[in-house]
Amino acid sequence: MSGIVIVGTGQAGFQLGASLRQGGYREPITLIGDETHLPYGRPALSKAYLMGKTNAAALQLRPSAFYADQSLTLRVGERVAEIAPTLQRVILTSGEKLSYDHLVLATGSRNRPLPVPGAALPGVFQLRTLADADALKAALHDVKAVAIVGAGFIGLEFAAVCAGKGIAVTVIEGANRILARSVSPLMATAVEATHRAAGVHFAFGAVVSAILERNGRAVGVAATDGSNYAADLVLVGIGVLPNQELARDAGLPVSNGIEVDETLLTVDPAISAIGDCAHHPSPHSHEGRVRIESVQSAVDGARCVAARINGQPGSHVAVPWFWSDQGAYKLQIAGLAAPHDLAVLRGSPDDGAFSVFCFREGSLVGVESLNKPGDHMIARRLLEDRQANLTPEQAADTTFDLKASVAGHRRQN
Ligand code: FAD
């Protein structure tokens, strides 16, 4: 038996190896990753790690002994260059060939490049890897002002870190609000207010046209409306692209990610894809298919594939959820709320802790919670019970007992 080859040693690849062994898989498992570190979690990179509140060892998903104990062959610092699907082999950049019984692509995503002059100058950063975070952390030492291109999660988390260090922050965003792709306008307004209160400035509707340069270094950004934003450091956070080229070059269908079915299998019965790189069917998406960039999706997808390989096939249908820590605020999102036609507040933004319940055609499709972990946990259960029939009036009524309504619905079914 050649066993399982996993390409990518990120959250999804690691979890698959661990879950395969946990489920009793006894054949060889080889994980190949082009980063040089042991598998680690990325979330803290833009939060506690940059703040100096945790170290690289604490980011490791498991200590090195785990891989030997579990007979997981971990090959870090190596890259898969090609798949030969008919031979069931991968070819590394070194030329080495490895056979597989089943191949799992857990290749993740990479930062979307900013297509403007000066984007490669010293002083312009992106944040995806531990190496990126180390470079950014070192550069932040003597910085007085930063410009952040993009008001998405990474940009805002970085804004909160910088504001906390007393650095002047301007976030430049082409849309007219923060988190335009990710949260409701109600939640975006409240989160923006927390950043403004911490001293962060925003320039909305501003499309970056160039990185300003002096003496071969970035000194700010220029926008198409003629505005300039001076900065000692520029962070670009404008989203990611799925790492799907390996699959595409092997003849597998790709679109916004590697196309897989509800069990995360590609059209080749010997190749699956999981995590950030997989575009999969989802009962929670209004389009029917989705590619999700979150720890939860990477972990649940990996468990789903491990169970299938261990003889218990099932679908990847878990309710999507996500969190983002921005300064003292914890934003948690359950479900896929976009698009929705009605959003109701539960609690008040003035209290610094509230939720937004989003409905589409009368059904609850997503819940966004700020500093309300209890609402978030119940929301996940409500969204699991897709027939729970919570009404917008009930959601908005803080005296209505959401927990009891979940329990009641479960008793009836
Ligand atoms: P990745 O973690 O990207 O791992 C894929 C790995 O495969 C990479 O190491 C890549 O280099 C490697 N690889 C790619 N191609 C090859 C090849 N050909 N050969 C060998 N190796 C290859 N999610 C949350 O839910 N909450 C958060 O708060 C949160 N914060 C985040 C903060 C940051 C700074 C970042 C970058 C992400 C954050 N995320 C968060 C997202 C979450 O970390 C990702 O969704 C998750 O890491 C996806 O896991 P993955 O294994 O699919 O991909």
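Student: Let me begin with a single pair of residues. Which residue in S5 is the bridge partner of Val80?

Tutor: This is a predicted model. Strands of a sheet pair through backbone hydrogen bonds, either parallel or antiparallel. Here, Val80 has Leu92 as its bridge partner in S5. Strand S4 is joined to strand S5 (residues 89–92) by four bridges, and the two run antiparallel.

Student: To what sheet do these strands belong, and in which order do they lie?

Tutor: They are part of an open sheet of three strands, ordered S4-S5-S6, with antiparallel pairing. Strand S4 (80–84) and strand S6 (97–99) are at the edges; each has a single partner strand, so one side of each has no neighbour in the sheet. From one strand to the next, the twist averages 25°.

Student: What is the strand order in the open sheet of five strands, and is its pairing parallel or antiparallel?

Tutor: The order is S3-S2-S1-S7-S20, and the pairing is parallel. Strand S3 (72–76) and strand S20 (271–273) are the edge strands, each pairing on one side only. The twist in this sheet averages 15° from one strand to the next. As an example of the pairing, four bridges connect strand S1 (residues 4–7) with strand S7 (residues 102–105). Among the residues of these strands, Val7 has Leu105 in S7 as its bridge partner.

Student: Which strands does helix H1 touch?

Tutor: Helix H1 (residues 11–22) packs on the sheet and touches S1, strand S2 (29–33), S3 and S7. The direction of H1 makes about 170° with that of S2. Helix H9 (residues 295–309), in turn, lies across S1, S7 and S20 and runs at about 175° to S7.

Student: Let us turn to the ligand. Which elements each supply at least two residues of the shell around it?

Tutor: They are H1, S2, H9 and strand S23 (321–326). There are 33 residues around the ligand, of which Asp34, Glu35, Lys47, Arg128 and Asp276 come nearest. By class, the shell comprises 13 nonpolar, 11 polar and nine charged residues.

Student: How far is a nitrogen atom of the ligand from a polar backbone atom of Val80?

Tutor: The distance is 3.0 Å; Val80 is also the residue whose bridge partner in S5 is Leu92. An oxygen atom of the ligand lies 2.8 Å from a polar backbone atom of Ala12, and an oxygen atom of the ligand lies 3.1 Å from one of Val295. The protein covers 95% of the 990 Å² of accessible area that the ligand has on its own.

Notes: Residues numbered from 1 in each chain as written. Predicted model: local features only at pLDDT ≥ 70, side-chain atom pairs only at ≥ 80, totals over all residues. Heavy atoms only, no water. Pairing = 2+ DSSP bridges. Axes fitted to C-alpha atoms, helices over the stretch in contact; angles between N-to-C directions. Contact = heavy atoms within 4.5 Å. Near = heavy atom within 4 Å. Polar contact = N/O pair within 3.5 Å; in protein donor to acceptor, adjacent residues only side chain to side chain. Areas by Shrake-Rupley, 256 points an atom, 1.4 Å probe, with all protein chains shown as cover. Nonpolar A, V, L, I, M, F, W, Y, C, P; charged D, E, K, R; others polar.
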